[in-house]
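Biologist: I am new to this structure and would like to know where the labels come from. Please show it to me before we start.

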Amino acid sequence: MTNNNEKMSREEAGRKGGEATAKNHDKEFFQEIGQKGGEATSENHDKEFYQEIGQKGGEATSENHDKEFYQEIGQKGGEATSESHGKEFYQEIGEKGGEARANQ
């Protein structure tokens, strides 16, 4: 904490600024700036950049989780997908997979 004779730490200033911003803006604001940031990033980086950060993220995640973690999130993802997609979706992705294999 600070008193009147001390400067605020950078961490404290950042926290206060973040809290003030959160109070003044809604979800749509943050989605919009996130999209703009993503677009700017994609303009400045190539496919290799995304492959590298994806690999680093995957390695970091795998160091912190075991087999059961991946089984659980895989099951949850499969359940969520099956609830939001019908038979046609699975037929379409099956056809795409078959075509991709045939072209190899």
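Biologist: How many aromatic pairs does a search of the whole structure find?

Modeller: The search finds four aromatic pairs. This is a predicted model, so local features need pLDDT of at least 70 and side-chain atom pairs count only at pLDDT 80 or more, while totals for chains, interfaces and linings use all residues. Residues are numbered from 1 along each chain as its sequence is written, and side-chain values use heavy atoms, with hydrogens and water left out.

Biologist: What makes F69 and Y70 an aromatic pair, and which kind is it?

Modeller: Rings of Phe, Tyr and Trp (its six-membered ring) pair if their centres lie within 6.5 Å; planes under 30 degrees apart count as stacked, over 60 as edge-to-face and the rest as tilted. The centres of F69 and Y70 are 5.1 Å apart, with 80° between the planes. The pair is therefore edge-to-face.

Biologist: Why is the pair of F89 and Y90 called edge-to-face?

Modeller: The ring centres of F89 and Y90 are 5.1 Å apart and the planes stand at 80°, so this pair is edge-to-face.

Biologist: Is F69 buried, partly exposed or exposed, and what about Y70?

Modeller: Buried means under 20% relative accessible area, exposed over 50%, and partly exposed in between (1.4 Å probe, protein chains only). F69 has 25% relative accessibility, so F69 is partly exposed. Y70, at 33%, is partly exposed. In the other pair, F89 has 27% and counts as partly exposed, and Y90 has 37% and counts as partly exposed.

Biologist: What makes the contact of R15 with E19 a salt bridge?

Modeller: A salt bridge is a side-chain nitrogen of Lys or Arg within 4 Å of a carboxyl oxygen of Asp or Glu. The closest N and O atoms of R15 and E19 are 3.3 Å apart, so the contact qualifies. By this rule the count comes to six salt bridges.

Biologist: Why are R15 and E19 separated by about one helical turn?

Modeller: Because R15 and E19 are four residues apart in helix 1 (residues 10-24). Helices (H or I, at least four residues) and strands (E, at least two) are DSSP runs, numbered from the N terminus. R15 is partly exposed at 42%, and E19 is partly exposed at 39%.

Biologist: How do you know that K36 and E32 form a salt bridge?

Modeller: Their closest N and O atoms are 3.2 Å apart, so the pair meets the rule. K36 and E32 are four residues apart in helix 2 (residues 27-44), which means about one helical turn.
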